[in-house]
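Q: I am new to this structure. Can you show me how to read its features, one at a time?

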Amino acid sequence: MKDLLRLRTSLTEEIEQILNEQIKMEAEASAMYLAMSSWCDRNGFDFSAGYFKKQSDEEREHMLRLFKYVSDMGGRAVSPSVTNIPLEFDSFKGVFEQALQQEIAVTQSFNRIADRCQKQKDYVTFSFIQWFLNEQIEEEYVARRALELFELIGEDGTGRYEIDKRVPKITYENTYEG
């Protein structure tokens, strides 16, 4: 019976499993960004609260894109449970440090998926995840630039207010595509 069910999908069990793990990672990232938004809102960083809310929405969209792909390919997409998301953060700068660490972890995870797809000769999934790999260039860039504001502006005086105002204005210009 197990072999018969596998005929319904071109995904190997391993690829389906790592895609479901990525679905969970995206759900956790969405929840983490929402917690960051809440923390910023409670601490008077209104612009950053909006920025992190937007990031949360984007991560949820990424989760749903992966979920749909697994389902469309005949696999079993698993709706993840998300727990242990912190409610408090050490500092305003600490929130952005954690955001960058999270984005780097997501990039590394997609790189591992790409590697497994190549080893399994699953070029359909490999092609599908190219969008995510390209998206991670922007995600890491923006997270780095936001964190660099702390070094450029400093947190003294009105520094945190200036940083808060500038965070949502950070954009990435994709010069890799024509």
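Q: Which salt bridge do the side chains of D115 and K119 form, and what is the N to O distance?
A: Start with the general idea. Side chains of opposite charge can pair when their charged atoms come close. In this predicted model, D115 and K119 meet in a salt bridge, at 3.1 Å from N to O.

Q: Where do D115 and K119 lie?
A: Both sit in helix α4. They are 4 residues apart, about one turn of the helix.

Q: Is D115 buried, partly exposed or exposed?
A: Relative accessible area decides this. D115 has 32%, so D115 is partly exposed. K119 has 54%, over the 50% cut-off, so K119 is exposed.

Q: Which residues do salt bridges with shared partners join into one network?
A: E162, K165 and R166.

Q: How many salt bridges does the count come to?
A: The total is 12 salt bridges.

Q: What does D72 form with K68, and how far apart are the closest N and O atoms?
A: A salt bridge links D72 to K68. The closest N and O atoms are 2.6 Å apart. Both residues belong to helix α3, which covers residues 46–72. Their spacing is 4 residues, about one turn of the helix.

Q: Are D72 and K68 buried or exposed?
A: D72 is exposed, because its relative accessibility is 53%. K68 is exposed as well, with a relative accessible area of 51%.

Q: Which residue forms a salt bridge with E151?
A: K93 does. Here the closest N and O atoms are 2.9 Å apart. This pair links distant parts of the chain. E151 is in helix α5, K93 is in helix α4, and 58 residues separate them.

Q: How exposed are E151 and K93?
A: E151 has 59% relative accessibility, so E151 counts as exposed. K93 has 21%, so K93 counts as partly exposed.

Q: At what angle do the axes of α4 and α5 cross?
A: Take the helices as axes. Helix α4 spans residues 92–120 and helix α5 spans residues 123–153. Their axes come within 9 Å and cross at roughly 160 degrees. An angle over 145 degrees counts as roughly antiparallel, so α4 is roughly antiparallel to α5.

Q: Is the crossing of α4 and α5 left-handed or right-handed?
A: α4 passes α5 in a left-handed crossing.

Q: How many nonpolar, polar and charged residues does the contact of α4 with α5 have?
A: Sort the residues by class. The contact has 18 nonpolar, 5 polar and 7 charged residues.

Methods. Residues are numbered from 1 along each chain as its sequence is written. This is a predicted model: local features need pLDDT of at least 70, side-chain atom pairs count only at pLDDT 80 or more; totals for chains, interfaces and linings use all residues. Side-chain values use heavy atoms; hydrogens and water are left out. Axes are lines fitted to C-alpha atoms, for helices over the stretch in contact, and angles run from 0 to 180 degrees between N-to-C directions. Helices (H or I, at least four residues) and strands (E, at least two) are DSSP runs, numbered from the N terminus. Angles under 35 degrees count as roughly parallel, over 145 as roughly antiparallel, 65 to 115 as roughly perpendicular and the rest as oblique. A crossing is left-handed if the near helix is turned anticlockwise from the far one by less than a right angle, and right-handed if clockwise. Ala, Val, Leu, Ile, Met, Phe, Trp, Tyr, Cys and Pro count as nonpolar, Asp, Glu, Lys and Arg as charged, and the others, Gly among them, as polar. A salt bridge is a side-chain nitrogen of Lys or Arg within 4 Å of a carboxyl oxygen of Asp or Glu. Buried means under 20% relative accessible area, exposed over 50%, partly exposed in between (1.4 Å probe, protein chains only).
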